[in-house]
Amino acid sequence: MDDVVVTNAHIAELCAVEAERHEGNKAKAFKRASRKAFTWPMEAATVEELTELDGVGPFLSRVIAEWIAEGTTPDEPPPLRRDFITFAEARAMKRFGVRGDLQMHSTWSDGGSSIDEMADAAKARGYEYIAMTDHSHGLRIVKGLDEAALDRQAGEIAKVEGIRVLRSIEMNLSPSGEGDLEPSALAKLDLVLGSFHSQLRKKEDQTERYLAAIANPHVHVHAHPRGRIYNYRMGLSADWPRVFAAAAEADKALEIDCYPDRQDLNVDLLRIARKEGVRISIGTDSHWHPQLEWIDIGIAAAIKARIPRDRILNLMSADDLCEWAAAAR
Ligand SMILES: [Zn+2]
């Protein structure tokens with residue numbers, strides 16, 4: 001028998017399948033481990049104590065140890081769980097470094113870390129800059145920023161030392177592509193991300209929605225474009241070559257959201273993005289400072305899709321990035 005190496009991606013899928021076969025607490029534990037497997041820093045097959053991995057208790061550690069020992073691998077995942085990169089796989093790849101991270105949240109909206117904590121963690125990573133992209137107020141499920149709060153936040157950002165914090169926002173876009181902040185407030189920001197957070201389960205083609213968002217003159221980066229979530233939501237569909245071509249024409253960027261269960265754009269779509277020549281922004285969508293390390297997942301996706309380096313915003317200097325954003329308005 002050949003020695004089969006069971007990867008974290010295999011374990012994730014095996015857990016997801018087991019979750020569907022069980023009920024109650026076991027189903028919940030399998031489902032949670034399936035998601036967490038994408039965040040494990042090392043391949044489980046190389047770890048001494050499996051219970052040290054997030055989401056793995058004594059019961060799951062016995063199940064996973066047996067899969068590793070037996071060389072058990074799953075069938076190809078269904079579309080809802082396909083084309084996700086594990087953090088362990090990303091870390092094992094040869095990667096380029098980035099100069100900054102272009103999506104994160106702080107306690108000003110739904111994040112768990114202060115701006116200072118995010119900035120300190122970014123400095124420790126050797127970044128030159130970060131974009132502080134808290135949610136705007138129109139997203140009702142979180143406490144978001146209105147124009148006055150954005151002004152107050154600017155005062156706190158100005159006090160940060162040792163790293164440049166770009167004034168930014170993750171602005172909620174309506175399905176017709178409109179934002180929820182005054183243009184005069186947006187004009188004061190270095191970078192504006194726009195994203196959809198509603199009507200993400202529509203089955204019909206959403207090309208028009210994307211074209212409207214790209215035409216919004218105040219938005220520079222379209223964040224987590226599809227709105228997919230691992231094992232939960234497929235996200236929207238569109239005529240992607242047309243959407244990416246329109247973004248390239250308008251000189252707007254589309255985002256790789258590195259959050260492990262988002263990974264949106266995924267590698268398949270990034271290949272189309274490369275062909276159309278659109279700019280790419282990489283953001284971890286961190287809601288807590290340790291999550292900044294997930295940048296590796298987005299970098300891995302960009303490398304797999306062979307996105308040219310000169311198309312990646314995070315490889316620009318902060319000055320060049322701000323200049324590009326100012327010109328795109
Ligand atoms: Zn978002």
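The questions and answers below concern a predicted model.

User: Into which domains is the chain divided, and how far apart do the C-alpha centres of domain 1 and domain 2 lie?

Analyst: The chain is divided into two parts, domain 1 covering 8-77 and domain 2 covering 95-328. The distance between their C-alpha centres is 31 Å.

User: Which residue forms a salt bridge with Arg35?

Analyst: The count of salt bridges between domain 1 and domain 2 is one. A salt bridge needs a side-chain nitrogen of Lys or Arg within 4 Å of a carboxyl oxygen of Asp or Glu. For Arg35 the closest N and O atoms are 3.5 Å apart, and the partner is Asp261.

User: Which helices each supply at least two residues of the side of domain 1 that touches domain 2?

Analyst: Eight residues of domain 1 are in contact with seven residues of domain 2. Two residue pairs between the domains are in polar contact. The helices that each supply at least two residues of the domain 1 side are H1 (8-21) and H2 (24-36).

User: In what order do the seven strands of the open sheet run, and which are the edge strands?

Analyst: The pairing in this open sheet is parallel, and the order is S1-S2-S3-S4-S5-S6-S7. An edge strand pairs on one side only, and the two that do so are S1 (100-101) and S7 (279-283).

User: In S4, what is the bridge partner of Ser168?

Analyst: Strand S3 spans residues 164-173 and strand S4 spans residues 191-196. These two strands pair in the parallel sense over six bridges. The partner of Ser168 in S4 is Leu191.

User: Where is Leu265 placed, and what is omega for the peptide bond from Asp264 to Leu265?

Analyst: Most peptide bonds are trans. The bond from Asp264 to Leu265, however, is cis. Leu265 sits in the loop between strand S6 (253-257) and helix H10 (267-276). Omega for this bond is near 10 degrees.

User: What is phi of His224, and where does His224 lie?

Analyst: Most residues other than glycine have a negative phi. His224 has a positive value, near 25 degrees. Its place is the loop between strand S5 (221-222) and helix H9 (240-250).

Key: Residues are numbered from 1 along each chain as its sequence is written. This is a predicted model: local features need pLDDT of at least 70, side-chain atom pairs count only at pLDDT 80 or more; totals for chains, interfaces and linings use all residues. Side-chain values use heavy atoms; hydrogens and water are left out. Domain bounds come from an automatic or database domain assignment. Contact means heavy atoms within 4.5 Å. A polar contact is a pair of N or O atoms within 3.5 Å; within protein, one must be able to donate a hydrogen and the other to accept it, and residues adjacent in sequence count only if both atoms are side-chain atoms. Helices (H or I, at least four residues) and strands (E, at least two) are DSSP runs, numbered from the N terminus. Two strands pair if DSSP finds at least two bridges between them.
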